[in-house]
Amino acid sequence: MLAPMSTWDPALYQDKHAFVWQYGRDLIGLLAPRSGERILDVGCGPGQLTAQIAAAGAEVTGIDSSPAMIAEARKNYPELRFELTDAGRMAYDRQFHAVFSNAALHWVRDAEAAAAGMARALEPGGRLVVELGGKGNVQQLRDAISRALETFHLPIPESPWFYPVIGEYAAMLERHGLAVNYAALFDRPTPLAGGLGDWIAMFGGHFLAAVRPEQRESFVRQVEEYAGPALWRDGKWFADYRRLRITAARY
Ligand code: BEZ
């Protein structure tokens with residue numbers, strides 16, 4: 001992950017949010033890594049997908065801006081290379097055959113710098129394969145949290161997330177010398193093993209900043225009440241994920 005948050009919890013991430021990299025396996029199919037290729041995994045988190053790319057025989061570098069995630073990735077896969085680097089400040093220059101990123105780029109504040117850095121990291125003809133939250137991602141969940149904040153007379157914080165439409169993201173990649181050859185925006189309702197409370201604790205720290213610790217439980221109950229009609233089905237909570245997938249090639 002490439003969060004502006006300093007408090008990523010790798011244990012909670014691996015225990016209750018494994019779906020993040022489980023869905024990402026599918027994206028590795030689009031990447032189709034080959035033996036001997038140099039591949040950059042942007043926002044590698046605890047490294048599960050980096051390891052799967054490496055299993056194809058590629059030489060992978062995983063980067064992440066979270067020291068806790070990089071420490072966990074190194075612990076999980078000591079044989080692989082991981083670097084503590086922010087996607088908005090990468091300085092790679094035509095070093096990679098492919099750049100890959102799953103569920104990370106929506107956290108990068110300077111999306112333009114990340115696009116420029118990913119393009120620069122690729123050799124001519126190199127390919128980009130990324131998935132991030134797209135326009136409308138977790139909208140029902142965000143609305144329920146905002147309503148609960150209002151009910152608690154608490155301020156609604158600025159969103160740390162960037163959820164573009166296809167045209168916006170594709171145009172940005174094209175400005176940096178990438179030719180987009182595939183793009184899709186699609187819904188992926190995602191069951192949450194730990195319910196809404198764990199999801200908010202893992203990813204919505206900014207929403208919780210003004211909620212006092214003793215209010216947290218009733219705050220989550222309030223969110224559940226507001227989100228229930230849209231996000232509770234068949235005895236489970238779902239997050240209304242909407243994904244943007246894009247692949248491109250470096251000119
Ligand atoms: C996502 O993968 O879309 C996502 C993850 C955490 C927070 C918000 C969105």
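**View 1. Helix α4 and the elements it packs against.** In this predicted model, the buried residues of α4 pack against α1 (10-16), β2 (59-64), β3 and α8 (195-203). Helix α4 itself spans residues 67-76, and its buried residues are M69, I70, E72 and A73. These four residues lie on the same side of α4, because the arc that they cover around the axis is only 160°. In general, an α-helix has 3.6 residues a turn, so residues three or four places apart point the same way. On the other side of α4, the view shows P67 and K75, which are exposed.

**View 2. The largest nonpolar core and its most connected members.** The largest nonpolar core holds 55 residues, and those that touch the most other members are F100, I145, W199, F203 and F219. Helix α2 contributes the largest share of this core, namely six residues. A second core, which is separate and made up of 28 residues, includes Y92, V99, A170 and I246. As a general background to such views, nonpolar side chains in soluble globular proteins tend to be buried together.

**View 3. The surroundings of W199.** When neighbours within four places in sequence are left aside, the residues in contact with W199 are H17, V138, L141, I145, W161, L192, G204 and Y241. One of these contacts, I145, is listed together with W199 among the residues that touch the most other members of the largest nonpolar core. W199 is also one of the residues that surround the ligand.

View 4. Around the ligand stand A103, H106, W107, N137, W161, Y163, W199, F203, Y241 and R243. An N or O atom in the side chain of R243 is 2.6 Å from an oxygen atom of the ligand, and for the side chain of N137 the corresponding distance to a ligand oxygen atom is 2.7 Å. In the case of H106, an N or O atom of the side chain is 3.5 Å from an oxygen atom of the ligand. The ligand taken alone exposes 260 Å², and the protein buries 98% of that area.

**View 5. Two loop residues with positive phi.** With a relative accessible area of 37%, A32 is partly exposed. R94, likewise not a glycine, has a positive phi of about 50° and is found in the loop between β3 (81-84) and β4 (96-102). The relative accessible area of R94 is 54%, so R94 is exposed.

Definitions and conventions:
Residues are numbered from 1 along each chain as its sequence is written. This is a predicted model: local features need pLDDT of at least 70, side-chain atom pairs count only at pLDDT 80 or more; totals for chains, interfaces and linings use all residues. Side-chain values use heavy atoms; hydrogens and water are left out. Buried means under 20% relative accessible area, exposed over 50%, partly exposed in between (1.4 Å probe, protein chains only). A nonpolar core is a set of buried Ala, Val, Leu, Ile, Met, Phe, Trp, Tyr and Cys residues joined through side-chain atoms within 4.5 Å. Contact means heavy atoms within 4.5 Å. A residue is near a molecule or strand if one of its heavy atoms lies within 4 Å of it. A polar contact is a pair of N or O atoms within 3.5 Å; within protein, one must be able to donate a hydrogen and the other to accept it, and residues adjacent in sequence count only if both atoms are side-chain atoms. Accessible areas come from the Shrake-Rupley method with a 1.4 Å probe; for residues, only the protein chains shown count as cover. The arc is that of the directions from the helix axis to the C-beta atoms.
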